[in-house]
Amino acid sequence: MGLQHNRLSVGAPALALTPIWENSISADASICLFPTAAVSPCSHSRMLQGGSADSKDDGGPQFAEVFVIIWFGAVVITLNSKLLGGTISFFQSLCVLGYCVMPLTVAMLVCRLVLLAGDGTVSFIIRLIVVGAMFAWSTLASTAFLADSQPPNRKALVVYPIFLFYFVISWMILTFTPQ
């Protein structure tokens with residue numbers, strides 16, 4: 001049983017009327033690789049990362065490393081907050097922690113631009129000031145919201161993990177140097 005081609009009267013192919021399989025074969029091969037990469041990411045890691053999966057000289061933390069650190073840290077802080085009797089919901093806490101990463105994202109962009117200009121003592125001092133200011137902004141913004149949802153005698157137990165969470169992210173931004 002062969003595939004039949006449906007054509008309009010003008011002679012142009014009617015893509016909506018042709019079989020799906022025929023349309024996907026005629027599509028670009030790289031587009032077809034992405035759905036299989038979602039099912040089996042290890043086999044397509046070179047395509048998704050743009051380089052070899054075992055390369056150690058990529059120049060910095062990979063997206064997956066940063067994603068896991070932020071995700072795991074936010075979940076641990078949220079669970080800590082809930083276990084200490086916080087009145088904020090689980091997803092509200094995750095959202096606050098995620099939104100408060102934005103100043104550190106700006107710090108990362110500024111630090112990358114400073115590193116493009118040069119790498120030296122002045123560059124490090126500028127990056128230290130920028131990362132320190134954005135670290136303070138992230139920490140204060142998130143603790144202002146999350147600490148208010150805690151009983152008064154447990155606020156320090158919630159603030160300390162938040163401080164550590166943003167400190168680790170800030171340290172990663174500050175210590176990055178291109179190779």
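Me: Before that, what kind of model is it, and what are the limits on pLDDT?

Reply: The model is predicted, with local features needing pLDDT of at least 70 and side-chain atom pairs counting only at pLDDT 80 or more, while totals for chains, interfaces and linings use all residues. Residues are numbered from 1 along each chain as its sequence is written, and side-chain values use heavy atoms, with hydrogens and water left out.

Me: ok. How many helices and strands?

Reply: The protein has eight helices and zero strands, so the order along the sequence reads α-α-α-α-α-α-α-α (helices are DSSP runs of H or I with at least four residues, strands are runs of E with at least two, numbered from the N terminus).

Me: What share is buried?

Reply: Of the 179 residues, 27% are buried. Buried means under 20% relative accessible area, exposed means over 50%, and partly exposed lies in between, with a 1.4 Å probe and protein chains only.

Me: And the surface, how much of it belongs to carbon and sulfur?

Reply: Carbon and sulfur atoms account for 71% of an accessible surface of about 12,000 Å² (Shrake-Rupley method, 1.4 Å probe; for residues, only the protein chains shown count as cover).

Me: Switching topic. Which residues does UniProt list as "transmembrane region"?

Reply: The unreviewed UniProt entry lists 66–84, 96–118, 124–146 and 158–177. Positions are in the numbering used here, feature names are shortened, and annotations may be inferred rather than shown by experiment.

Me: How much helix is there over 124–146, and over 158–177?

Reply: Residues 124–146 are 100% helix, with the end C-alpha atoms 32 Å apart. Residues 158–177 are 90% helix, and there the end C-alpha atoms are 32 Å apart.

Me: Now packing. At what angle do α4 and α8 pack?

Reply: Helix α4 (residues 63–83) and helix α8 (residues 155–175) pack at about 175°, with axes 9 Å apart. The two are therefore roughly antiparallel. Axes are lines fitted to C-alpha atoms, for helices over the stretch in contact, and angles run from 0 to 180 degrees between N-to-C directions. Under 35 degrees counts as roughly parallel, over 145 as roughly antiparallel, 65 to 115 as roughly perpendicular, and the rest as oblique.

Me: What classes of residue are in that contact?

Reply: The α4 contact with α8 has 13 nonpolar, three polar and no charged residues. Nonpolar covers Ala, Val, Leu, Ile, Met, Phe, Trp, Tyr, Cys and Pro; charged covers Asp, Glu, Lys and Arg; the others, Gly among them, are polar. On the α4 side the residues include I70, G73 and I77, and on the α8 side F165 and I169 (contact means heavy atoms within 4.5 Å).

Me: How do α6 and α8 cross?

Reply: Helix α6 (residues 102–117) and α8 cross at roughly 10°, and their axes come within 10 Å. That makes the pair roughly parallel. L104, A107, M108 and C111 of α6 meet Y166, I169, S170 and I173 of α8.

Me: Is I169 buried or exposed?

Reply: I169 is buried, at 8% relative accessible area. Leaving aside neighbours within four places in sequence, I169 is in contact with I70 and L104. I169 and L104 are 65 residues apart in sequence, and their C-alpha atoms are 7.7 Å apart.

Me: What does S142 touch?

Reply: S142 is in helix α7 (residues 121–146) and is buried at 0% relative accessibility. Not counting residues up to four places away in sequence, S142 touches V96, L97, C100, I162 and Y166.
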